[in-house]
Amino acid sequence: MSFRRALIAFALSVGLPVAALGQDARQVDIGYEITFAGFAGFRIDVTARFDGASYDVESRTFKEGMLKAVTMHYDGRNRAWGGFSPQGAQPTAGSLSIVVGDKPRTWVAQYGPGGTMSETHNPAWKPPPHHLIPDNQRIGSLDPLSAALTVGLAGDAACDRTVPTNDGKRRIDIMIHKIGMESPAKAGVPTAIGDLLVCELYTKRVAGEFDDAPKEAETERERPIKVWLAHLDNSQVRYPARLEAHTGFGTIRGKILYFRERPLTPQESQAMRR
């Protein structure tokens with residue numbers, strides 16, 4: 001399991017179960033730290049706003065510590081927005097903005113009926129034929145943050161599913177399987193309320209532009225990411241609280257740094273309705 005694959009899968013898991021949050025006008029802020037072989041690596045900060053039938057969620061992923069000092073610059077921002085129906089979240093659109101080194105890339109996906117999407121790339125993406133994502137693989141796929149939100153709606157059943165994700169250049173399936181429950185003490189998450197749901201996440205590349213060779217990718221797929229999902233408030237929401245993934249170069253670990261919630265101000269609520 002590579003650092004990038006672990007980061008993709010963990011980012012997927014940080015979505016909030018919007019059905020449980022959509023009735024209250026409130027904001028939730030969560031921060032995560034990802035370490036590699038004991039050294040600080042990435043931070044993921046999530047801000048989610050919910051007001052009635054609307055949601056707007058943003059995340060930022062960036063390097064820190066030793067990894068920032070010795071590797072190429074990376075800063076990624078995701079946003080997902082939409083509404084609710086009796087069936088759950090109805091994504092309207094999702095976007096990502098990534099800077100790797102000195103090369104920025106933005107991608108916006110707008111969702112239509114039947115799982116269709118329209119995309120905007122900047123700069124334009126003109127891959128060779130063998131890197132194209134076929135139309136039949138694009139239908140039903142979601143940007144990483146929108147995918148995370150739909151996973152959260154499954155509640156305690158969130159671990160038993162395959163999630164089709166799309167970042168504009170790569171179609172990846174995230175396969176999530178429940179492996180058990182653990183107490184807060186055993187899981188090392190003392191702030192959790194009740195037992196934690198423990199899942200394994202596997203990734204499978206489907207189509208698009210990948211840096212690693214197919215054989216290497218299949219080897220990575222056999223190394224699962226273990227995620228602990230916890231109740232951290234009085235709602236039915238399960239938030240990712242811990243991550244662990246083993247690689248050939250060391251162990252990747254993730255933990256929650258902070259969890260805060262507050263009501264939206266009238267001005268914030270009004271801005272969401274625009």
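Which residues is H73 in contact with, leaving aside its neighbours within four places in sequence? The model is a predicted one, in which local features need pLDDT of at least 70 and side-chain atom pairs count only at pLDDT 80 or more, while totals for chains, interfaces and linings use all residues. Residues are numbered from 1 along each chain as its sequence is written, and side-chain values use heavy atoms, with hydrogens and water left out.

To the opening question, then. With those sequence neighbours set aside, H73 is in contact with V99, V100 and G101, where contact means heavy atoms within 4.5 Å. H73 itself is placed in the loop between α3 (65-70) and β4 (74-85). Helices (H or I, at least four residues) and strands (E, at least two) are DSSP runs, numbered from the N terminus. H73 counts as partly exposed because its relative accessibility is 43%. On this scale, buried means under 20% relative accessible area, exposed means over 50%, and partly exposed lies in between, with a 1.4 Å probe and protein chains only. H73 and K63 are ten residues apart in sequence, and their C-alpha atoms are 7.4 Å apart in space.

Let us move on to strand β4, where N78 is found. Is N78 buried or exposed? N78 is buried, because its relative accessible area is 16%. Not counting residues up to four places away in sequence, N78 touches V57, E58, S59, S95, L96, P144 and L145.

D173 is buried, with a relative accessible area of 16%. Its side chain makes a polar contact of 3.1 Å with the side chain of R171. A polar contact is a pair of N or O atoms within 3.5 Å; within protein, one must be able to donate a hydrogen and the other to accept it, and residues adjacent in sequence count only if both atoms are side-chain atoms. Beyond four places in sequence, the residues that D173 touches include T162, V163, P164 and Y202.

I now turn to the salt bridges. How many does the structure hold? It holds 17 salt bridges, each defined as a side-chain nitrogen of Lys or Arg within 4 Å of a carboxyl oxygen of Asp or Glu.

One of them joins the side chains of R79 and D56, at 2.7 Å from N to O. R79 lies in strand β4 and D56 in strand β3 (residues 54-63), so this pair ties together parts that are 23 residues apart in sequence. R79 counts as partly exposed, at 31% relative accessibility.

In another, the side chains of E119 and R138 meet at 2.6 Å, N to O. Here E119 belongs to strand β7 (residues 117-122) and R138 to helix α4 (residues 135-138), and the pair links distant parts of the chain, 19 residues apart. E119 is partly exposed at 25% relative accessibility, whereas R138 is buried, with a relative accessible area of 18%.

The side chains of E209 and K169 also form a salt bridge, at 3.9 Å from N to O. Why does this pair tie together parts that are 40 residues apart in sequence? The reason is that E209 lies in the loop between β10 (196-208) and α7 (214-221), and K169 in the loop between β8 (161-166) and β9. E209 counts as partly exposed at 23% relative accessibility, and K169 is buried, with a relative accessible area of 18%. Finally, salt bridges that share partners join R26, D233 and E261 into one network.
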